[in-house]
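Student: Could you walk me through this structure, please? I would like to start with its surface and then go inside.

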Amino acid sequence: MTETTVVHPQNQLKSAVPWVTEANLEQLLEDIDKIRQDMRVDMQNEALTTAERRRLRGSGVRRYGFIDKVSDVAEANPEFAPPFFSNTELKNRLREIEILRNISVALSQMQRITDDVLLQVSDDAFQLALGYYNTVREASRRRIPGAQAIFRLLQLFFNRPSRPSDEPTEQEVERDLKALLHGKKDGEIIIRNERPHMVGGKHEVIDEVHSGRAAVKEVIQAAESK
């Protein structure tokens, strides 16, 4: 997390969102759970596998148009219907497709609105918390009693310790090389050059300067020399 100063964007929420309450959440979850249970009754499995999703045909614009046209044509020309065909069932499926599409659109819109509000509320909360943090930081600089301990506690959220698996950057390699040359650090830096026929080749850099840490950085240039 990056340490910043407090900002007040114009689109920041000025007050709590009225409909974001625990009561509304409980009611929503209760309604969703009831609908989900009703839907599972008609589903052979709770969820389709990837293979089943690939096998089943959806109802895109062209396929829906084809289904709709067949229902009209079959109604006007029932003599061509095979024994297993039921135009009534087909029309019922069409109505179900329309209902499910509307549900999907409504849920997608609700998901988008929820995500947008979540971002705004989260940013609003972060700005409020950051305001307190900046005040504590300033108090710590002024050596106000009790401020330094709180500042160190909150500062942990802005620290990003390096991991042993992180690849060193070019700047880190150059810095470690200078430290080795000046005898300020222990360790070694190994550079292996492979594929010399390539422009720039393939360089493997092993940097073991940081307290015995072994990190590898590879740079591959695909342009071949002619």
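**A walk from surface to interior**

Tutor: Leu28, Ile32, Ile99, Leu100, Ile103, Leu107 and Met110 make a nonpolar surface patch of about 620 Å². A patch takes residues with over 30% relative accessible area and no salt bridge, and joins nonpolar side chains (Val, Leu, Ile, Met, Phe, Trp, Tyr) within 5 Å and like charges within 9 Å. Areas come from the Shrake-Rupley method with a 1.4 Å probe, and for residues only the protein chains shown count as cover; a salt bridge is a side-chain nitrogen of Lys or Arg within 4 Å of a carboxyl oxygen of Asp or Glu.

Tutor: This is a predicted model, where local features need pLDDT of at least 70 and side-chain atom pairs count only at pLDDT 80 or more, while totals for chains, interfaces and linings use all residues. Residues are numbered from 1 along each chain as its sequence is written, and side-chain values use heavy atoms, leaving out hydrogens and water.

Student: Which helix gives the most to the nonpolar patch?

Tutor: That is α4, with five residues; helices are DSSP runs (H or I, at least four residues), numbered from the N terminus.

Student: And inside, how many aromatic pairs are there?

Tutor: The whole structure has two aromatic pairs. Tyr133 and Phe158 form a tilted one, 4.7 Å centre to centre with 35° between the planes. Rings of Phe, Tyr and Trp (its six-membered ring) pair if their centres lie within 6.5 Å, and planes under 30 degrees apart count as stacked, over 60 as edge-to-face and the rest as tilted.

Student: Is Tyr133 buried or exposed?

Tutor: Tyr133 is buried at 3% relative accessibility, and Phe158 is buried at 13%, since buried means under 20%, exposed over 50% and partly exposed in between.

Technical notes:
Buried means under 20% relative accessible area, exposed over 50%, partly exposed in between (1.4 Å probe, protein chains only). Helices (H or I, at least four residues) and strands (E, at least two) are DSSP runs, numbered from the N terminus.
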